[in-house]
Amino acid sequence: MEQITLRKMREIIGWNGKDGDGIFSPGGAISNMYSIMAARYKYFPDVKTKGMAAVPKLIIYTSEHSHYSMKKAGAALGFGSENVILVKCNERGKIIPADLEAKIIESKQKGHFPLYVNATAGTTVYGAFDPIDEMADICEKYNIWLHVDAAWGGGLLMSRKHRHKMNGIERADSVTWNPHKMMGVLLQCSAILLKEKVIYIK
């Protein structure tokens, strides 16, 4: 039943392939952390056996209004919180794509590896939805993993009226979606959904 539900959630996102993956977790912070682990493993699979010493300096990019779990995951996973770069937002709380690209270019000029971009679909304070399509264009240009933290706003995927706020989510590599928010699930429940199977235990 769990796998059927997760598969249906992936279909709602717009991933119709059969090779996707996902698991339920205790909360959005854990799901966001798992997405960063998945990205790191896809680009640097040796990290599981050789550790962070075997990879270049990896950089995470996220909105200045994003959930605290991004900085927390950067510290816990060994990236270092200083390598979680905060991208500027406009007056409505949405990430500014031009600033995202500028910060990616700056990181590359320093010899760092831009690994992961987080788009927030429903920020905690503003309730803002980042421009996923524009961010996906940038991620494709620089070959960077795109995650959408839709823990708060994921329920809008099932709304004919408001789904447009999530335009481009099908282009993401991973999505966090909390069924206990706007979906009637009574207990704390989060899902981390992956477009492809990338997490393998060796």
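Colleague: What makes the group of residues around V117, V148 and V175 a nonpolar core?

Modeller: A nonpolar core is a set of buried Ala, Val, Leu, Ile, Met, Phe, Trp, Tyr and Cys residues joined through side-chain atoms within 4.5 Å, where buried means under 20% relative accessible area (1.4 Å probe, protein chains only). The largest such set in this structure has 34 residues, and V117, V148 and V175 have the most contacts inside it. Among the elements that each supply at least two residues are α1 (2-13), β4 (113-120) and β5 (145-150); helices (H or I, at least four residues) and strands (E, at least two) are DSSP runs, numbered from the N terminus. The largest share, 6 residues, comes from α6. This is a predicted model, in which local features need pLDDT of at least 70 and side-chain atom pairs count only at pLDDT 80 or more, while totals for chains, interfaces and linings use all residues. Residues are numbered from 1 along each chain as its sequence is written, and side-chain values use heavy atoms, with hydrogens and water left out.

Colleague: Which residues is V148 in contact with, leaving aside its neighbours within four places in sequence?

Modeller: Contact means heavy atoms within 4.5 Å. By that criterion V148 touches N118, A119, A121, I132, I169, A172, S174, V175 and T176.

Colleague: How do you know that β2 and β3 pair?

Modeller: Two strands pair if DSSP finds at least two bridges between them. β2 and β3 (residues 84-87) have 4 bridges, in the parallel sense, and therefore meet the definition. T62 stands opposite L86 in β3.

Colleague: Why is the contact between E11 and K8 called a salt bridge?

Modeller: The term requires a side-chain nitrogen of Lys or Arg within 4 Å of a carboxyl oxygen of Asp or Glu. For E11 and K8 the N to O distance is 3.9 Å, so the pair qualifies. The two residues are 3 apart in helix α1, about one helical turn.

Colleague: Why is E11 called partly exposed?

Modeller: Exposed means over 50% relative accessible area, and partly exposed lies between buried and exposed. E11 has 36% relative accessibility, so E11 counts as partly exposed. K8, at 48%, is likewise partly exposed.

Colleague: What makes K141 exposed?

Modeller: Its relative accessible area is 57%, which is over the limit, so K141 is exposed. K141 also forms a salt bridge with E101, the closest N and O atoms being 2.8 Å apart. That pair links distant parts of the chain, with E101 in helix α5 and K141 in helix α6, 40 residues apart.
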